[in-house]
Amino acid sequence: MAGSNGIKIAIVGGGLAGLAAAMKIAEAGHAVDLFSVVPVKRSHSVCAQGGINGAVNTKGEGDSTWEHFDDTVYGGDFLANQPPAKAMCEMAPSIIYLFDRMGVPFSRTPEGLLDFRRFGGTKHHRTAFAGASTGQQLLYALDEQVRRHEADKKVTKYEGWEMMSLVLDDHQVCRGLIAMNLQTLELKAFKADAVIMATGGPGLIFGKSTNSMVCTGSAVSACYQQGAKYANGEFIQVHPTSIPGDDKLRLMSESARGEGGRVWVPRAKDDRRPSSSIPEKERWYFLEEKYPAYGNLVPRDIATREIFQVCLSGMGVNGENQVYLDLSHIPADVLDKKLGAILEIYEMFVGDDPRHVPMRIFPGVHYSMGGLWVDFQQRTNIPGLLAAGECDYSIHGANRLGANSLVSCVYGGFIAAPAAIEFAKNVQRNGSDGSNIYDQELKKQEEINGELINRKGNENQYKLHEEMGKTMTDNVTVVRYNDKLQETDNKLLELMNRYNNISINDSNLWATMALPHARHLKNMLELARVITLGALNRNESRGAHYKPDFPNRDDENFLKTTIAEYSGEGPVLSYEPVDISLIKPRIRDYSHNKQETAKATTIGDTSPDKSKSPLDAGDKSITK
Amino acid sequence: MSTHQATSTKAGRIPPKTVEIRIRRREKPDAPQYWETFEVPYKANLNIISCLMEIQKNPVTKDGQKTTPPVWNMNCLEQVCGICTMVINGRVRQSCSALVDPLLEDQPYITLEPMSKFPNVRDLIVDRQQMFDHLKRVHAWIQIDGSYDLGPGPRMSQEEVAERYAYSRCMTCGCCLEACPQYDGDQYIGPQAIAQVRLFNMHPSGKITRDERIEAIMGDDGITNCGNAQNCVQVCPMSIPLTTAIYEENRETVIYGLFGWLRR
């Protein structure tokens, strides 16, 4: 139903960003249609563990929102537009206090105040946390508030409905969307005065990642194919230590190394003996050998690159993509006290006891800094279409700082909501009442589904997905070479071709997983090209984007946002300047304190010394 | 491989070449249920989701009959979203954290069934909307004045927070309801909602609207229907003290029933 003044906003995605926006819009008295593939309480936000950043300075450390802002921009290797990053950091303390009021069981100090802990990329205690499940707790708090508005009939949930496409009018203005009921496969048009995308990251493009299974990027790709700009797609954060599984990669917290965990592989390539039978001198502690100063605690992107290359060269344990992360030399009672919870996760999913058997880990695709292009009010280039959370590109630049993801989701939702209302109130429809645009788009989507269902080719949709994931993981993650990137794009084109020859592998279409997957696969392939070609054309190294052939950050040529626009021939790339109006870019060097790196830098410094020491590269801190 | 050896040593047996999986299937809500048996290649550390993914790629039964791929729900695969809950070897749990090796220690094959207390959509998928409706009914939220900036919430000791934290981890998976002999649709609201009443009634701001929640669990299908079987607390994957919640809320409802009218 529409609100008091008839405004209705559609929100796609019910994670932190989507629910934050829904709460604000309902509170302003307007109607919300909330679409989610899964019940919103089961969204991927639940996976965030570590905490949420906000500079409240309750520890007498002289922290400030400016300091948080500076850390964020510095951690992002100066690729983020600075005004929205600053605005987020300024809003962060009030966001944390709001969640406190909503009943999130944040950990406390002896005085009963909120406790804060330290995270990567900062010198301050700035991270509020609720046990080891902060994301779950924050999501539930918003879920509860939105349920309250649902009980008041202001929010209508469409759980188990997946967005297929936008409905655009003759002026390319967004007027609603087409969604599919995942049980009946019914397609339906939904009118809306504005649409907010809040669908999270695209981890499944890489096959296996730390993302949840709904994180396909499919809906965002649909927007891109309908004219929305996609920005900085090539910036994909890879976490150094995840637990490889046949189904997904599960994150293993950095604290395992913080408490003395050692990373190693057998020195001999074909050594298939159990770890316990390999004597000390036949083990290769490659991080300790290569980086004697920092050992296993090198910054995350370095750890990620080293582990990745060891495995790529066939030195992984059992020749597979895995290395040992060994805690078994530490007494079990010490481990239980300091790392109990994370050891239990490993035990639960692997079945081995890491107190006695080394854990087997591998870097895992974790987060997309890139996403839909938005302005400082979270508006995309399509009028009436906004975006918030991981699916938009703002805030994090070339690399996200740990515990900044939760706060950026809520910030994005809180900015997108009033901006969507503002748009809905002021939009001039120019006489186009849009009466038939819904039918047209609906028919188009029905035809796509109908054609897919009737395809009788011999390609297997799940095998194509596997092939895409493998080639993307091999070539477009940690270390990138232009020839491999070009090969990857060729491979993606081949897969797109073979996609035309799939057949849906389920003859029972009721609640089938096969047709939605086929739709995802097409959209993932389109977005994979954006990521790959963005990487191919950025000839520098910055944040998570690393090219050995171009090891330096090149501000002169690439202090720019990559913009991809869809064409029938694939993505068309262009570049726009980054707003660096508040902090001058300086060399990113975590071997020294920030203050020292700030001294001798000026705008336009192309930092030729950046790659001198591998330790100069930055910290890819992730909330754990 | 080292892991194979570790596993086989632990279980005291040689790992099998394949894993037999029997799935209780249903084409659509009003169709009859039937069993189908599949076989997937054994690997160390397989979980149930990986087996299902393998079957999905090439849905052929153990007898070589081509069939439709079984469907199921999955999302986080880290036992925190609750969506992949099903009955595995007779016990309700999340399929992402159900490893094949320990399951094969009890019997030579694995059975997968949908939860029985919720409408069965197809194969292993059930509709748990009633659990979210419970949350609406018991007003499982803090009645904040608004989401604008009003400063921090009430001060609390770490002990109070720790007690609430235990209840706040409920992922609405439905294990407790599946295992509860009293829970059957609309006869008893069940431990899930009662534990959420406890969560919000403990909070200083939540206490203000405590009566609404207590009244919501006092009807014919309310808290007094608990038969004290204590199955719920045994199957809860998040180790939520569900029986403590029921005890505490039972006490609150009794006191409210006796003296609540005085406050009107």
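Start by selecting B:Ile110 and looking at what surrounds its side chain. Leaving out residues up to four places away in sequence, B:Ile110 touches B:Val19, B:Glu20, B:Ile21, B:Arg22, B:Ile48, B:Ile88, B:Asn89, B:Val100, B:Leu103 and B:Leu104; contact here means heavy atoms within 4.5 Å.

Before you click on, some ground rules. This is a predicted model, where local features need pLDDT of at least 70 and side-chain atom pairs count only at pLDDT 80 or more, while totals for chains, interfaces and linings use all residues. Residues are numbered from 1 along each chain as its sequence is written, chains are lettered from A and ligands numbered from 1 in the order in which they are written, and side-chain values use heavy atoms, with hydrogens and water left out.

Now widen the selection. B:Ile110 is among the residues with the most contacts inside the largest nonpolar core, along with A:Phe99, A:Phe106, A:Val195, A:Met197 and B:Leu112. That core has 271 residues. The chain A element that gives the most to this core is helix α10 (residues 405-426), with 14 residues. A nonpolar core is a set of buried Ala, Val, Leu, Ile, Met, Phe, Trp, Tyr and Cys residues joined through side-chain atoms within 4.5 Å. Buried means under 20% relative accessible area, exposed over 50%, and partly exposed in between (1.4 Å probe, protein chains only). In soluble globular proteins, nonpolar side chains tend to be buried together.

Next, pick B:Leu52. You'll find B:Leu52 in helix α2 (residues 48-57) of chain B; helices (H or I, at least four residues) and strands (E, at least two) are DSSP runs, numbered from the N terminus. Is B:Leu52 buried or exposed? Buried, with a relative accessible area of 2%. Again skipping residues up to four places away in sequence, B:Leu52 touches B:Ile23, B:Trp72, B:Met86, B:Leu112 and B:Leu124. For a sense of scale, draw a distance from B:Leu52 to B:Asp145: the two are 93 residues apart along the chain, and their C-alpha atoms are separated by 46 Å.

Zoom out to chain B. There are 10 helices and 7 strands to colour, and the C-alpha atoms fill a box of roughly 70 × 45 × 40 Å along the principal axes. Of its 264 residues, 56% count as buried.

Over to chain A. Select helix α2 (residues 65-75): 9 of its 11 residues are buried, so this helix is largely enclosed by the rest of the structure. The buried ones include A:Glu67, A:His68, A:Asp70 and A:Asp71. Step past the helix to A:Asp77, whose phi is positive, near 55 degrees.

A:Arg126 sits in strand β5 (residues 125-128) of chain A and is buried, with a relative accessible area of 1%.

Finish with all of chain A in view. It has 16 helices and 21 strands, and its C-alpha trace spans about 75 × 60 × 50 Å along the principal axes. Of its 624 residues, 66% count as buried. Among contacts between residues at least 6 apart in sequence, 72% join residues at least 24 apart in chain A.
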